[in-house]
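These are my notebook entries on how the parts of one protein chain meet. I looked up domain contacts and then a helix pair.

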Amino acid sequence: MLVLLNLSAAFDTVDQSILLHRLEHVIGIKGTALDWFRSYSSDRYQFAHVHGVPSYSRVSHGVPQGSVLGPILFTLYMLPLGNIIRQHGIHFHCYADDTQLYLSMKPEETEKLVKLQTCLKDIKSWMSSNFLLLNPGKTEVMVFGPEPLRDRLDHMITLHGISLTSSLSVRNLGVTFDQNLSFNSHIKLVSRSAFFHLRNITKIRKLLTRHDAEKLIHAFVSSRLDYYNSLLSGCPNNSLRSLQLIQNAAARVLTGIDKRDHITPVMASLHWLPVKFRIIFKTLLLTYKVHRGLAPSYLEELVIPYQPNRPLRSQNAGLLVVPRVSRSRMGGRAFSYQAPLLWNQLPVQVREADSIATFKIRLKTYLFEKAYCY
C-alpha cells in the first residue's frame with residue numbers, strides 16, 4: 001500500500017522563525033552561517049502592480065520555490081516528520097514537498113491499517129502545528145499486488161473525515177504508477193508527449209541545421225524516453241515497442257531518410273542506443289554506484305556481493321548475488337534481481353572501471369556492440 005501525501009502551497013507556508021530554530025538547534029548551524037540564513041529569509045518583500053497602482057507587502061512565511069536553496073530549506077524544515085513516521089514503523093520517502101508512506105501487508109492484517117491510520121493522524125497534527133496544510137482531498141492511496149488479493153483488501157483509510165479509496169493509477173514524481181506495475185499508462189503518456197514535440201520539431205526541421213535539430217530532439221524527445229527509464233527494466237518488448245517507435249521516428253526526422261528505409265544502420269550511425277539498451281545502461285549505472293558506495297542506502301540494501309563458501313576464482317570478480325524470484329509475479333522486474341543479473345553478464349574490464357566516467361564509456365561501447373552486433 002502506497003500513500004502519497006499532498007500539501008497545499010507547501011513552500012509558501014514555511015514559518016521563518018521555526019526554520020531558523022531548526023537550522024540552529026537541529027542541524028547545528030551557528031555563527032556567520034546562521035546569520036546568512038537569517039539575512040536570506042528576513043526583510044523580504046513582494047511587489048504587485050495592478051492598473052498602475054503599486055502594492056508592497058512583507059513576506060514573513062515561505063521559501064522561494066524556484067531557488068536552489070528553496071527545496072533544501074524545505075527538506076530541513078520537514079526533518080522532524082521522519083521521526084514521527086518511524087515511531088509507527090511505517091516506511092517512507094521524502095523529496096521536497098512530496099512525502100510517501102508505504103507498507104507491505106496481507107489482506108487479513110488489518111492491524112497494519114490501524115497503524116497507518118494513526119500515523120496519518122499524527123502527521124496531520126504535526127503539520128498543523130508547523131503551519132503546513134495536509135490536503136486530504138488530493139492525498140492518494142494505491143494498493144499493489146495480485147488482483148485477487150487487492151480485491152480482498154476492501155478497507156478504506158480516512159483522513160480528517162475524508163475516505164481515501166484506492167486509485168487505479170497515481171502520478172508519482174512524474175511517473176504514472178498502475179496497480180500491476182506494468183507502467184503501460186506511463187508509457188502511453190510518454191509516447192503522446194514525445195510525439196507531440198517531435199511533430200513540432202518536424203515542422204521547423206528544414207530551418208534547422210542538423211546539429212541544432214539534434215539538440216532539440218535530445219531536449220524534448222530523448223529526455224522523455226530516458227526519464228526514470230530504469231523503472232522499465234525487465235518490461236516485455238511489446239510494452240517498450242511504442243517508445244522504440246518514437247526513437248526511430250526521431251532518427252528519421254533528424255536524418256531525413258525515407259520511412260521505408262531500414263532504421264538500424266541509421267541508429268548505429270547516430271550512435272544512439274535503442275530504448276531497451278538505454279534502460280539497461282541506466283540500471284547498470286545505478287548498480288555501479290551501489291557497488292562503489294555512491295548510491296542511497298535503500299538501493300545498497302537490495303544488492304549483495306557474491307561470497308563463495310570455498311575459495312574460487314570468481315570470489316574476486318566483483319560479482320553479485322542473483323536472488324531467486326517468482327517471475328510469474330513480476331519478481332524478475334525488481335531492481336534486486338535485474339541489477340545483479342545484468343551486472344554479472346558484463347565483461348570484467350567494464351565492471352572494474354575506476355571511475356563513473358570510464359564506466360560510462362566502456363558500458364556504452366559494450367552495449368553498442370551488443371545492440372548492433374559489431
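Entry 1, the model. I note at the outset that this is a predicted model.

I looked up the domain assignment, which gives domain 1 as 2–178, domain 2 as 184–272 and domain 3 as 277–373. I then turned to domain 2 and domain 3, whose C-alpha centres lie 27 Å apart. Their contact draws 16 residues from domain 2 and 11 residues from domain 3.

I found a count of 1 salt bridge between domain 2 and domain 3. I also looked up D226, which forms a salt bridge with R278; the closest N and O atoms are 2.9 Å apart.

I examined helix α11 (residues 275–291) against helix α13 (residues 335–344) and found an angle of about 90° between them, with the axes 9 Å apart. The angle therefore makes α11 roughly perpendicular to α13. From α11, I listed I280, T283, L284, L286, T287, Y288, V290 and H291 in the contact, and from α13, F335, A339, L342 and W343. Sorted by class, this contact of α11 with α13 has 9 nonpolar residues, 3 polar residues and no charged residues.

Methods
Residues are numbered from 1 along each chain as its sequence is written. This is a predicted model: local features need pLDDT of at least 70, side-chain atom pairs count only at pLDDT 80 or more; totals for chains, interfaces and linings use all residues. Side-chain values use heavy atoms; hydrogens and water are left out. Axes are lines fitted to C-alpha atoms, for helices over the stretch in contact, and angles run from 0 to 180 degrees between N-to-C directions. Helices (H or I, at least four residues) and strands (E, at least two) are DSSP runs, numbered from the N terminus. Angles under 35 degrees count as roughly parallel, over 145 as roughly antiparallel, 65 to 115 as roughly perpendicular and the rest as oblique. Contact means heavy atoms within 4.5 Å. Ala, Val, Leu, Ile, Met, Phe, Trp, Tyr, Cys and Pro count as nonpolar, Asp, Glu, Lys and Arg as charged, and the others, Gly among them, as polar. Domain bounds come from an automatic or database domain assignment. A salt bridge is a side-chain nitrogen of Lys or Arg within 4 Å of a carboxyl oxygen of Asp or Glu.
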